[in-house]
Structures are given as structure tokens and as C-alpha cells.
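Please keep the sequence and the coordinates open while reading.

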Amino acid sequence: MSVDPNTPVLRNCIRLPLPEEELLEVTAKAKDYAIMHGAAMRSKTSFSPDSLNFAPFVLVPSSFPRKEFEKAVALQPIINRLMHNVAHDEEFITTTLAETIKVDEFTANLFNIYRKVLAHGYTQRTSLGMLRSDLMLESGCPELSPKALLLRGEAGEDGHATTAAAAAAGTGSGGGGGGGGKTKAVTKEEEEEQAKRNLHLSQATVSGITTATVASKDCKTAAYCCWKQVEINTIASGFGHLGPASKTVQSFVLRELGHADKLPNMPKNNALAGLCDGMVKAWDIYAKPQSVILFIIEDVSYNICDQRFHEFYIRETYPHIKVLRRTLTDVHREGKLGLNKELLLGGKLEVAVIYFRAGYEPGHYHSQDEWDARYLMETSLAIKCPSIQYHLAGTKKVQQALAQPAVLERFINDPEEMKAVGKIFTGLYSLDDNDAGNATYEMALRTPEKFVLKPQREGGGNNVYGVDIPEALKRMSRVERSAWILMDLIHPPLTKGYMVRPGAEMPPTIVDMVSELGIFGVVIGDADHIIHNYQAGHMLRTKLSTANEGGVAAGLGALDSPYLIDSDDDDEDEN
């Protein structure tokens, strides 16, 4: 990815560079601290089940505007409800994916399971959604052109919006709960009302232009105008542990550097508790004390700490609930349905909740056996995370359709909520074989540098960027194009910092980076009722500004956490 030399830079939380001796010492400490606090992964290049490397991380937290962070937190329960409604709209999913399933075998296989489940009726009507809404700040806004900024200044506008809901963070985890007890019951009405209050408190930020100071000695200008959604993840939404773990590591670094005073600007992050409590709430709904929670895993789990910490949190906080880990192949071999269609493993262990950390890409299905295992689970009484309809709701094609205002009206009744959600979508364009799709095709060939080409895949490393788009499109037939969508390229502001990676030279050097914030959400319910709906923490991934992809598990990004800034903060050089 090329970087515009005029791209604005958000100021750092502390003055950089650090003296070399201090940098070497604190980096060595931070590497060990990361491993000893579970901010680690298994190596893909020299894999061993008996060893860990620290996960790549940014040494000190990256700046992120407080108002935009609070807006994203406040909006998450509305996004949860949107995706829940989409997942339960059979006509919309069927119509939207009609062209895609003709050419995308993986999506077609998922849809075939969906079709068969619909034909026989849902055995389990309740679904557990553990979502992650990924977003980036946008600096490439018309409102941030020099002329627009000058006009705003002459008009006396300061660009500040009313501070969004400080209570929004309190909607978060759903509570940790005591050992052996059930999670605290929160009514749908209470959760929905809290979400609505948070949304209205943040309306000024949603509808206005917010500013943050660019790192400059000479002037203060806007570094971004808003944030835009990159995607919504509905399956295997990872980093519920590594998100909070990165804050733990960076908090240690700041204390070691004598900047403990900065810690209050790192927001509380209860992602692990919020997500695990979601699984326990679903287990409570299943209401069979001897039943277990099943994690569906890959054959080889590189991101082992993130997965295991979910398991260990449940076992430590709710010791009466057993957690099992099985691959799709294992389920095919061990699984069967009981008399009431309960899922049984080994003939005796009844599964209450299935949490998919695999099954989101073709490589996880080695043969028809794995597809048969997926169908067996979908037809069982267990509560799935995600259910097949939630999985399909997370496809890029569905999200492209949702970006159209007329479509959004189908799922959101409140005009203010619809306006707020509509503003976060960037341009998403169909490539179907029709007039609109053909126009998108021509647009992508004319100005490919403005776009990203996305398939119906999760897991990172699948997108096509910029100048590579025309060649990729020309290799496809008109029909094959319908398996992809085109998205406007987001232009985030830069941050500067040290990225620490296993095996890299020491000391690390200051690099230009861009960040992607993920907001977690939990929603539980059926087609008629939502039982639980809450925001559940966050994570921040940061990559080199020259890199296209940013997945940490895919080896392309680094763990990070937000350091919240206001537009009127003192510059870091004064600290």
C-alpha cells in the first residue's frame, strides 16, 4: 500500500524516540512480560506444541480519538441487533446470495446447509452472536480539504462534539460472575434502553465532524473526519483475550518508562469476560447442568493463547461448566444426535453451546466428512455461535447489500439509529453480472487505486488492493465476479511507534503505522425476541502503513491498544 506524503499523523502518547539504552531495556522486558501474560502465539515457521513466541506488539499504545471510540462503543448494540435481524430474514439472505452461490463453492456449501435446515425447521431457534465490528478512521474526507477547513475556521466552528456516553463502557462485559453462579440477568428492555441512551448521547459526534490534533509544531488541524466500518465478523471473532492482554503489556511499558499518569487514558477492556459470559448465558438458556460448551478448532491452533484463555476463564469463573475442544473431523467421528436431537460426543457428553473458532474458510473442510459434521451440529439442539444463518449474514455480499439505505430501512426502524449506522458504511459495490455490477467493474478498471476487492472469506490475506485489481478482475468471467465485492479504500491517519516482532533486529526503529479498531458485541435470541444484547470490549490491531493486510494471527499486524486523546490535549512534546 502506498502512503500519501500528506497523510496526517496523530500525536503520540509519549515523546519519541526513546534513548537507545532505555529502548533496549524496556523492549527486552516487554517481550518476556508478553509471553508470561499470555500475549503469545505458536510459531508458524517453526511450530511446536511445546513452545510459544510473544505475539507481535506495538511498544506503547497508539492514539485514537476519544469521541470516535465512545461513538463506536455506543453504536455496537444497534449493530448487534441489525445483524441479528439480518440473520433471521430468510428472503433477504436467499436473494442477496443468489448470484454468489452460483460461482463460490464455499458459500454455496454453507447455503446448502442453510437451505436444508430451513426445510426441516430449526431444531434450536436460539442463536448466540459474538460479533466484532472492525473500523478505521478516515482522513480522506472532502470536509478535511484545506479550503473546507479554512471555511469552517472562518465560520467559527471548532469541530468539537458533545462528549459521547461515558457510561457506554459500562454496558460492556455483562459481568464476571462468581464461581459456580449464573450470570446476572439483564432484561432485553434494559439493554435496549441503555443502547438507545448511548446512541442519542453520541448523536452530535455521529452527525458532525470531529477533530484530533495532527503532530505538528506549527498548527492544529483535523486528522480525520469520522470512522468507517471495514467489516462485521460473525464467526471466530478473535482477540477477546489478546485485546485486553495488549493493554496489560503496554501498561507495564508505560509504567517502566515513568508514564503511569497516562494509564487512565487507556480504556477499560473486559472483552474476555464479556464474550465468555455470553457463552455462559447461552449455556444457562440451554438449562441442562451436565451439558458442556464445545469449541470447534483448527487441526493446528497457532493462536492458542487467545483460544485457551476463553476456555480457562470459563473453567475458573464457572467451574461447574466443562469446556471441550474438537475439530470438525473429530465431531464427524464422535458426534451423533440423541432422541431429542441433542448433540452427543462419545455417546454420553451432551453439548449445550458450540463456539466455532474454525469453519470459516474452505481449508477447514478436508472432505465431505467435515461438511457432514457441520450439518450435524446445525440440526442439533445445541446453541450455535454462529448458527448457519449468522455465518451467512457475515458474508461480504450481505454487508455490501446492507450499505444501501433502502436495504437498511428493512432492518432498523428508528430513523436516528438508521442514520447513525448508515454513516459508518464506506462505499460498497456489487460486481454482479448486471448494469450496476458492470458499472462497478468499469469504475474499478479506471481508478483501481481507490478500491479494495474482497471475496466471501474470513481469516486475512484474501483481499486484492489498488493496482492489482484490474488484472484480478480481467481473469474472472462476468459470472465469477459476483463472488466478490468492491469497497472504497479507507485512508486512515498515521501513528508513529515501535513495532516489536519475534526475531526482528534490536533495537526496534520508529515506523509509520495505521490501526484498525474492533468492537465486540454479544447478542442472544431467536427470530422473535432478543434476550441479551451488549457491547463486550474491544481490540486494536496495528500494521505498517505500507502493508495491505493487518491480521496478527496471519502474521501481518501487531497487537495494540487505544490511547484515547481529545482534540485539546497537550502535545506529547510537552510531557
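M130 lies in strand β5, which covers residues 127–138. The model is a predicted one. M130 has a relative accessible area of 4%, so this residue counts as buried. Beyond residues up to four places away in sequence, M130 touches N233, T234, S237, L275, M279, Y355, C385, G521 and V522. Its C-alpha atom is 9.5 Å from that of G274, 144 residues apart along the chain.

S133 also has its place in strand β5. Its relative accessible area is 2%, therefore S133 is buried. Which side chain joins that of S133 in a polar contact? Q229 does, at 2.7 Å. Leaving aside neighbours within four places in sequence, S133 is in contact with residues including Q76, I79, E231 and L517.

Helix α9 has 15 residues, 242–256. At 1.5 Å a residue they should span 21 Å, and the end C-alpha atoms are 21 Å apart, which agrees. Is α9 largely enclosed or exposed? It is largely enclosed by the rest of the structure, because 11 of its 15 residues are buried. Among the buried ones are L242, P244, V249, F252 and L254. G258 follows α9 and has a positive phi, near 80 degrees.

F239 lies in the loop between β6 (226–233) and α9. Its phi is also positive, near 80 degrees, in a residue other than glycine. K341 is not a glycine either, yet has a positive phi of about 65 degrees. K341 is found in the loop between β9 (335–337) and β10 (343–345).

The table lists relative accessible areas for F239, K341 and two cysteines.

| Residue | Relative accessible area | Class |
|---|---|---|
| F239 | 6% | buried |
| K341 | 39% | partly exposed |
| C305 | 7% | buried |
| C385 | 3% | buried |

A search of the whole structure finds zero disulfides.

## Cis peptide bonds

C385 and P386 are joined by a cis peptide bond, with omega about 5 degrees. P386 sits in the loop between β12 (383–385) and α14 (388–393). The peptide bond from M506 to P507 is cis too, with omega near -5 degrees. P507 belongs to the loop between β17 (495–500) and β18 (510–525).

## Strand pairing

Strands of a sheet pair through backbone hydrogen bonds, either parallel or antiparallel. Strands β7 (residues 292–296) and β8 run parallel and are joined by five bridges. F295 has R325 in β8 as its bridge partner. Strand β8 (residues 322–326) is mostly covered, with four of its five residues buried.

An open sheet of four strands runs in the order β13-β16-β14-β15, with antiparallel pairing. Why is one side of β13 and of β15 left without a neighbour in the sheet? Both stand at the edges, and each has a single partner strand, so one side of each stays without a neighbour there. Within this order, β14 (residues 451–455) and β16 (residues 484–488) run antiparallel and are joined by five bridges. P455 stands opposite W484 in β16. Helix α18 (residues 435–446) lies across β13, β14 and β16, and runs at about 120 degrees to β13.

Key: Residues numbered from 1 in each chain as written. Predicted model: local features only at pLDDT ≥ 70, side-chain atom pairs only at ≥ 80, totals over all residues. Heavy atoms only, no water. Helix = DSSP H or I, 4+ residues; strand = E, 2+ residues; numbered from the N terminus. Buried < 20%, exposed > 50% of the residue type's maximum accessible area, 1.4 Å probe, protein only. Contact = heavy atoms within 4.5 Å. Polar contact = N/O pair within 3.5 Å; in protein donor to acceptor, adjacent residues only side chain to side chain. Pairing = 2+ DSSP bridges. Axes fitted to C-alpha atoms, helices over the stretch in contact; angles between N-to-C directions. Expected span 1.5 Å × (residues − 1). Disulfide = S-S within 2.5 Å.
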